[in-house]
Number of protein chains: 2
Amino acid sequence: MAKQNKQEFVTHITPRSEDFSQWYTDVILQTELCDYAPVRGCMIVRPYGYAIWERIQEEMDKRFKETGHQNVYFPMLIPESLLLKEAEHVEGFAPEVAWVTQGGTEKLQERLAVRPTSETIFCTMYAKWVQTWRDLPMKYNQWCSVMRWEKATRPFLRTSEFLWQEGHTIHATPEEAQEETLTMLGVYQEVAENILALPVYVGQKSEKEKFAGARATYSMEAMMQDGKALQAGTSHNFGTNFSEAYDIQFQNKEGKLTYVHETSWGVSTRLIGAIIMTHGDERGLRLPPKVAPIQCVILPIAAHKPGVTEACEKLEQELKAAGLRVKLDDRDTVSAGFKFNDWELKGVPVRLEVGPRDLENGVVTIFRRDLCEKVTLPLENIAESVAKLLDEIQQELFNQAKAFRDERTKVVTNIDELGEVVQSGFAKAMWCGEQACEDVIKERFNATSRNMPFDQEGEKCGETCVCCGKQAKKVMYFAKAY
Amino acid sequence: MAKQNKQEFVTHITPRSEDFSQWYTDVILQTELCDYAPVRGCMIVRPYGYAIWERIQEEMDKRFKETGHQNVYFPMLIPESLLLKEAEHVEGFAPEVAWVTQGGTEKLQERLAVRPTSETIFCTMYAKWVQTWRDLPMKYNQWCSVMRWEKATRPFLRTSEFLWQEGHTIHATPEEAQEETLTMLGVYQEVAENILALPVYVGQKSEKEKFAGARATYSMEAMMQDGKALQAGTSHNFGTNFSEAYDIQFQNKEGKLTYVHETSWGVSTRLIGAIIMTHGDERGLRLPPKVAPIQCVILPIAAHKPGVTEACEKLEQELKAAGLRVKLDDRDTVSAGFKFNDWELKGVPVRLEVGPRDLENGVVTIFRRDLCEKVTLPLENIAESVAKLLDEIQQELFNQAKAFRDERTKVVTNIDELGEVVQSGFAKAMWCGEQACEDVIKERFNATSRNMPFDQEGEKCGETCVCCGKQAKKVMYFAKAY
């Protein structure tokens with residue numbers, strides 16, 4: 001499509017209700033968050049998408065540092081022999097590894113994996129670096145990309161290469177490792193809920209669904225608008241699984257050689273997919289203000305009229321000075337109507353319209369993207385008013401998402417109910433703890449166990465397993481998932 | 001070596017004068033900037049090294065955005081067919097490419113290159129994205145790692161994988177592309193000189209030394225303490241070389257299809273190597289305050305005496321509140337003498353010693369790492385005094401490096417002088433512009449042309465080529481190089 005056409009008409013987005021999947025694709029491409037790459041299963045993160053990632057990085061990284069972590073960078077290539085040391089882990093990842101077999105003109109003697117995750121190489125170095133209890137804990141993180149040779153891919157949700165962070169820590173005691181695992185899950189939840197406006201269920205994964213090589217995996221699970229679950233972050237406690245395989249030992253205070261306890265945790269650009277599928281609507285994106293690359297856009301109305309351009313520029317300065325992320329859209333090649341649609345599509349939380357009549361009345365007309373409503377605010381103290389409004393919008397988006405999720409999360413007590421509920425939301429059910437029942441539920445409804453809430457006492461869903469009817473052990477969320 | 005030994009003795013560093021190369025290796029390993037990876041030619045950037053990189057990123061990224069650039073992320077794998085489109089480029093990079101030939105259990109039909117640089121994939125997407133003059137310029141940058149299968153590697157200077165940024169821009173006119181090329185060279189020089197305290201020569205590379213596929217390459221060249229040159233950043237003008245190969249055309253204002261003019265520019269973790277080899281001394285690193293992860297370390301002297309610990313903590317708060325990067329070293333497992341050596345090794349610009357006598361006198365004893373001198377400062381307004389001192393140290397390190405470089409940069413008028421001067425510095429000479437003479441100089445002295453200063457008139461070095469004696473065309477720096 002020629003650019004000139006695009007500037008005259010706002011392109012059609014498939015309605016969410018008609019085809020959620022096509023709606024998603026339309027939105028990510030038309031907002032220029034990303035594009036398909038000329039490489040199988042990979043995407044290009046374009047400026048608007050990358051700016052969201054930078055905001056996520058900034059918020060996460062600050063909290064990682066506040067909780068005592070340091071950033072590092074480890075090589076992207078991992079020799080096959082290192083990958084093979086922990087049996088469960090290699091079994092989980094080997095089918096997804098991209099292999100480098102040639103360097104320059106030389107055929108390599110040993111294949112090198114493009115990292116699918118970096119436990120194996122962190123372990124190798126930890127074994128070298130740690131000597132005594134004084135060296136512990138070591139709490140490292142890296143921001144990088146990883147590669148998993150996926151068959152079915154979707155931008156931001158599942159791509160062969162994706163951007164993420166991976167924390168890897170080693171500790172002297174099991175208690176410290178468990179505390180770390182839960183602390184980082186808590187950091188993820190806090191950022192998800194307070195910054196991305198994503199309500200999440202946090203809890204422990206089943207044995208079947210846990211990370212390859214972990215003793216315990218915890219996740220946060222968000223509900224998308226089609227009722228499916230998106231695993232939005234994970235935190236793993238490895239116990240001594242890896243330290244035994246990689247021989248990471250330290251001299252404890254009593255002088256005895258002891259294996260370290262290890263954790264890892266990660267979030268990825270998948271979070272951008274979660275934002276889109278949680279908050280988006282028929283007009284396109286709705287970005288939570290704290291993560292929006294542009295928080296407010298200023299549109300001059302009848303810019304040729306005296307004072308309008310100057311007023312818009314003054315407004316821009318004022319909002320910028322207050323620390324807001326502002327864009328003045330002074331394009332004269334497109335109509336105001338086009339601009340309205342364009343910025344609504346891009347999900348900018350607040351649009352400020354400034355025309356001659358507004359100026360006469362000393363006000364600004366404001367469009368709230370969260371409610372698609374117009375309000376009028378006085379020009380006086382406008383930066384303060386807009387900042388306050390952005391906070392309201394942030395909260396409103398969270399509230400809407402939480403109401404949606406809570407309404408679609410239902411306690412179920414038998415398998416038919418479960419089958420019904422997972423068509424459009426999460427089923428909360430009692431479960432016997434056996435994989436056989438997870439397999440039945442997967443087979444019949446294509447739904448999986450998501451996680452077990454920490455508060456297992458709060459809301460019992462009965463005494464017997466939703467699937468087999470035997471004595472139940474756990475409260476578990478089940479859902480279809482991305 | 002057991003950790004306990006390490007904590008009792010400060011390890012020996014090879015003297016610079018004895019073996020500069022071994023000194024470098026000792027310093028980078030003992031300061032824990034990095035470690036060798038269990039992957040051929042790769043390194044691990046440890047927390048202290050990565051924190052320097054984060055400072056460099058922050059300073060660079062801020063300036064990229066101020067000059068209108070946006071960050072993006074492109075895939076790390078590039079199909080061989082894309083790489084092959086620009087002949088000079090592929091010839092330059094093919095011998096250094098690591099190839100992915102297998103994905104999961106599947107043998108790939110087409111090999112995928114782990115990016116050695118990303119012109120080819122940026123070009124492919126630019127061809128898709130650009131339609132009319134309204135879309136121009138596009139000014140993108142990405143922070144990532146690249147892979148070049150190098151034979152001889154040294155941490156930070158030349159490794160198979162390294163971290164860098166690569167800017168890629170397209171423009172409507174040759175003038176705009178040239179302006180961009182020089183603007184970014186200017187940004188690099190400004191950061192190098194004002195933040196990293198590295199005086200650099202900026203100028204144009206010869207045809208022989210330019211980037212594969214560029215019409216013109218510009219570089220900044222820093223002098224290391226062994227007199228060798230380190231190319232510390234490059235900026236390339238491609239003209240329409242790539243846009244013709246990748247068919248990147250736009251409709252200009254007159255409605256005519258026209259090829260875009262393209263640039264690219266990059267700096268890497270090599271800059272960390274430059275900092276080490278420019279400022280380091282017999283005691284280890286000396287970090288410029290603006291890039292130092294820790295700007296001041298506080299050491300309690302006789303911490304058991306009343307008031308010392310409290311005073312140190314108060315001092316820490318005060319300095320932190322002033323925005324300084326501070327560490328309070330309250331380890332009680334090592335001696336004060338050990339700590340002195342440890343922080344001098346790590347190159348922390350300012351050490352504050354606080355003991356009972358200092359407190360009595362209302363002062364702090366301060367050690368300046370740049371001059372290895374002690375001064376005494378009143379506790380009153382200490383944060384302001386330390387901030388001022390850090391500025392002085394920043395300037396002093398630059399001045400020292402510049403004096404060193406200027407002293408070892410010599411105008412030469414014949415080939416024997418050139419051969420002599422490049423043993424310990426840069427030779428500034430007239431050159432005929434022919435590659436044959438560069439080849440002779442390389443052959444005889446293992447020195448290469450570095451760059452041609454922009455001010456070719458300022459300081460003529462004669463009328464005839466330093467090598468062949470024919471009519472000279474250009475002033476050129478020659479040096480041995482990393």
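Two strands count as paired if DSSP finds at least two bridges between them, and strands themselves are DSSP runs of E at least two residues long, just as helices are runs of H or I with at least four, all numbered from the N terminus. Keep that in mind for what follows, which is a predicted model: local features need pLDDT of at least 70, side-chain atom pairs count only at pLDDT 80 or more, and totals for chains, interfaces and linings use all residues. Residues are numbered from 1 along each chain as its sequence is written, chains are lettered from A and ligands numbered from 1 in the order in which they are written, and side-chain values use heavy atoms, with hydrogens and water left out.

Let's start with the eight-stranded sheet in chain B. This open sheet runs in the order β3-β7-β8-β14-β11-β10-β9-β23, and its pairing is mixed. At its edges sit β3 (70-71) and β23 (452-453) of chain B, each pairing on one side only. Inside that order, β7 (residues 138-147) and β8 (residues 161-171) of chain B run antiparallel and are joined by 10 bridges. If you want a spot to look at, find Lys139(B), which stands opposite Thr169(B) in β8(B). Helix α9 (residues 270-279) of chain B packs on this sheet, touching β10 (216-223), β11 (229-239) and β14 (261-268) of chain B. The direction of α9(B) makes about 145° with that of β11(B); axes here are lines fitted to C-alpha atoms, for helices over the stretch in contact, and angles run from 0 to 180 degrees between N-to-C directions.

Chain B has another open sheet, this one of five strands, ordered β16-β15-β17-β18-β19 and again with mixed pairing. Its edges are β16 (326-328) and β19 (373-378) of chain B; each has a single partner strand, so one side of each is left without a neighbour in the sheet. From one strand to the next, the twist averages 25°. Strands β17 (residues 350-354) and β18 (residues 363-368) of chain B pair in the antiparallel sense over four bridges, with Leu352(B) partnered by Ile366(B) in β18(B). Helix α10 (residues 308-321) of chain B packs on the sheet and touches β15 (296-300), β16 and β17 of chain B, its direction making about 170° with that of β15(B). Helix α13 (residues 382-407) of chain B lies across β15, β17, β18 and β19 of chain B, running at about 15° to β18(B).

Now for the place where the chains meet. Strand β5 (residues 98-103) of chain A is joined to β5(B) by five bridges, and the two run antiparallel; Gln102(A), for one, has Trp99(B) as its bridge partner. On its own chain, β5(B) is joined by four bridges to β6 (residues 106-114) of chain B, also antiparallel, and Gln102(B) stands opposite Lys107(B) in β6(B). The hairpin of β5(B) and β6(B) has two residues between the strands, and there Gly104(B) takes a positive phi near 60°.

Zooming out, 64 residues of chain B are in contact (heavy atoms within 4.5 Å) with 64 residues of chain A. The two chains bury about 5,200 Å² between them, 60% of it on carbon and sulfur atoms; that area is the accessible area (1.4 Å probe) that two parts lose on being put together, summed over both. Pro47(B), Tyr73(B) and Met76(B) supply 12% of what chain B buries against chain A, more than any other three residues. The interface also has four salt bridges, meaning a side-chain nitrogen of Lys or Arg within 4 Å of a carboxyl oxygen of Asp or Glu. One of them links Glu54(A) and Lys65(B), with the closest N and O atoms 3.0 Å apart.

Last stop: helix α11 (residues 336-345) of chain A, where seven of the 10 residues are buried. Trp343(A) is in this helix and counts as buried because its relative accessibility is 6%. Leaving aside neighbours within four places in sequence, Trp343(A) is in contact with residues including Ile294(A), Val297(A) and Leu299(A).

How values were computed:
Buried < 20%, exposed > 50% of the residue type's maximum accessible area, 1.4 Å probe, protein only.
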